[in-house]
Amino acid sequence: MSKVSISICLLFLLVLVLNFEDWLTDSPTQTTDKTEEAWRPNYQANKMQSTLYDKQGEIHHQVYAEHMEHYQLLGFTLFEQPQYTIFTTAQERPWHVSAVEGTLYDDNRLHLEDNVVLQSTDKEGFIQTMKTDFIEIDLNNNTLSSDQLVTISGKNFVVQGTGFTANLNKRTFELLNHAKSTFSPNLSH
């Protein structure tokens, strides 16, 4: 064997001996902490505006928000100053709902909080506005519910109570605990 071959073999053995322990131990893999990652939004938007359509190509709802943050791992989207327009059918006028903040979950449940106002765009409708501090809206079937104080107003009346359920598609509203009603021909809402 030549001196060059022996030198190469010795060099190889030296490298092998020096790195043998490192090769036997598992090196820790870099893992992303899912908890940390979950609390970072996947994307954000300012002055966001979106229109969603149903399977027939009709507008289902529109949303505008001053600020939006989407959290994929947590399964929700946060909104600041959300304004939703909810369409029931092509023949019916839509409803507008606004709040200080909102949370949209992956199953299309929308929680709106603080100064929530639901307003009809049908000026001839019996109910014109509903005001409360919390509403849960199921955007799949356009149902609403709340367990908070609510003020419902229309032409010539104001009704106050705690909690309500509503179905915008069927145009039904139920006040769960009535507290006070005011009827007046000159009452403005």
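**Surface and core**

Mentor: Trp39 counts as exposed because its relative accessibility is 60%; exposed means over 50%, buried under 20%, partly exposed in between (1.4 Å probe, protein chains only). This is a predicted model: local features need pLDDT of at least 70, side-chain atom pairs count only at pLDDT 80 or more, and totals for chains, interfaces and linings use all residues. Residues are numbered from 1 along each chain as its sequence is written, and side-chain values use heavy atoms, with hydrogens and water left out.

Trainee: Where is Trp39 placed?

Mentor: Trp39 sits in the loop between α2 (34–38) and β1. Helices (H or I, at least four residues) and strands (E, at least two) are DSSP runs, numbered from the N terminus.

Trainee: Is Thr85 buried or exposed?

Mentor: Buried, because its relative accessibility is 10%. Thr85 belongs to strand β4 (residues 83–86).

Trainee: Which residues does Thr85 contact, leaving aside neighbours within four places in sequence?

Mentor: Contact means heavy atoms within 4.5 Å. For Thr85, the list is His60, His61, Gln62, Pro94, Trp95 and His96.

Trainee: And nonpolar cores?

Mentor: In soluble globular proteins, nonpolar side chains tend to be buried together. A nonpolar core is a set of buried Ala, Val, Leu, Ile, Met, Phe, Trp, Tyr and Cys residues joined through side-chain atoms within 4.5 Å. Here the largest has 29 residues; Phe79, Tyr84, Val97, Ile137 and Leu144 touch the most other members. Strands supplying at least two residues each include β1 (43–53), β4 and β9 (143–154). Beyond four places in sequence, Leu144 has contacts including Leu118, Ile137 and Phe164.
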